[in-house]
Amino acid sequence: LLRRAAAGGRAASGGGQGQDLGQGPGSARPQPLEPSLLRFLVCPLSKRPLRYEEATNELINEELGIAYPIIDGIPNMIPEAARTTQKKPPAEGLKQP
C-alpha cells in the first residue's frame, strides 16, 4: 500500500502540479486571493493592512510603496519578494510639503 500511495501520489501530484504551474503564471487569470483572508493579513514590515489589487493579483502597501505577489492563491509575504510600486514617490512628495 505504501508503494502504491507513494507512486500514485508522486505521479498524480507531480503531473498535476506541473500542469498547473505551467498554466498559472502564463494564464490571463491567475488564482486570486481568497477575500476572507484579507482582513487577517498585514504587511510584515509596517504591520499595516494591505489592499488587494485584482488587476495585478498583488497585496499593496501604499505607505511603503511595495507590492507582495500572490502565487496560486497564496500571498508571498517575504519582504525580499515584494516589488516597489510607482505610487510611493508622489505620495511622499504630497505628504511632506
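Author: We can begin with a term: a nonpolar core is a set of buried Ala, Val, Leu, Ile, Met, Phe, Trp, Tyr and Cys residues joined through side-chain atoms within 4.5 Å, where buried means under 20% relative accessible area, exposed over 50%, and partly exposed in between, with a 1.4 Å probe and protein chains only. The model is predicted, so local features need pLDDT of at least 70 and side-chain atom pairs count only at pLDDT 80 or more, while totals for chains, interfaces and linings use all residues. Residues are numbered from 1 along each chain as its sequence is written, and side-chain values use heavy atoms, with hydrogens and water left out.

Reader: Which residues make up the largest nonpolar core?
Author: Nine residues make up the largest nonpolar core, namely Leu33, Leu41, Cys43, Leu50, Leu59, Ile66, Tyr68, Ile70 and Ala82. The largest share of this core, three residues, comes from S3, a strand in the sense of a DSSP run (E, at least two residues; helices are H or I, at least four), numbered from the N terminus. Ala82 is in contact, meaning heavy atoms within 4.5 Å, with Ile66, Ala67, Tyr68 and Pro69, leaving aside neighbours within four places in sequence.

Reader: Why is Asn57 called buried?
Author: Asn57 has a relative accessible area of 5%, and the limit for buried is under 20%, so Asn57 is called buried. Asn57 is placed in the loop between S1 and S2, and touches Pro30, Gln31, Pro32, Leu33, Tyr52, Pro69 and Ile70, not counting residues up to four places away in sequence.

Reader: What makes the approach of Asn57 to the backbone oxygen of Ile70 a polar contact?
Author: A polar contact is a pair of N or O atoms within 3.5 Å; within protein, one must be able to donate a hydrogen and the other to accept it, and residues adjacent in sequence count only if both atoms are side-chain atoms. A polar atom of the Asn57 side chain lies 3.2 Å from the backbone oxygen of Ile70, and that distance is within the limit, so the pair qualifies. The side chains of Ser46 and Asn61 are likewise joined by a polar contact, of 2.9 Å.

Reader: Why is Lys47 called exposed, and why is Asp72 called partly exposed?
Author: Lys47 has a relative accessible area of 56%, and exposed requires over 50%, so Lys47 is exposed. Asp72 stands at 36%, which falls between the two limits, so Asp72 counts as partly exposed. Lys47 lies in the loop between helix H1 (2–26) and strand S1 (51–53), and has a positive phi of about 65° although it is not a glycine.

Reader: What makes Leu64 partly exposed?
Author: The relative accessible area of Leu64 is 28%, a value between the limits for buried and exposed, so Leu64 is partly exposed. Leu64 is found in the loop between strand S2 (58–61) and strand S3 (66–71).
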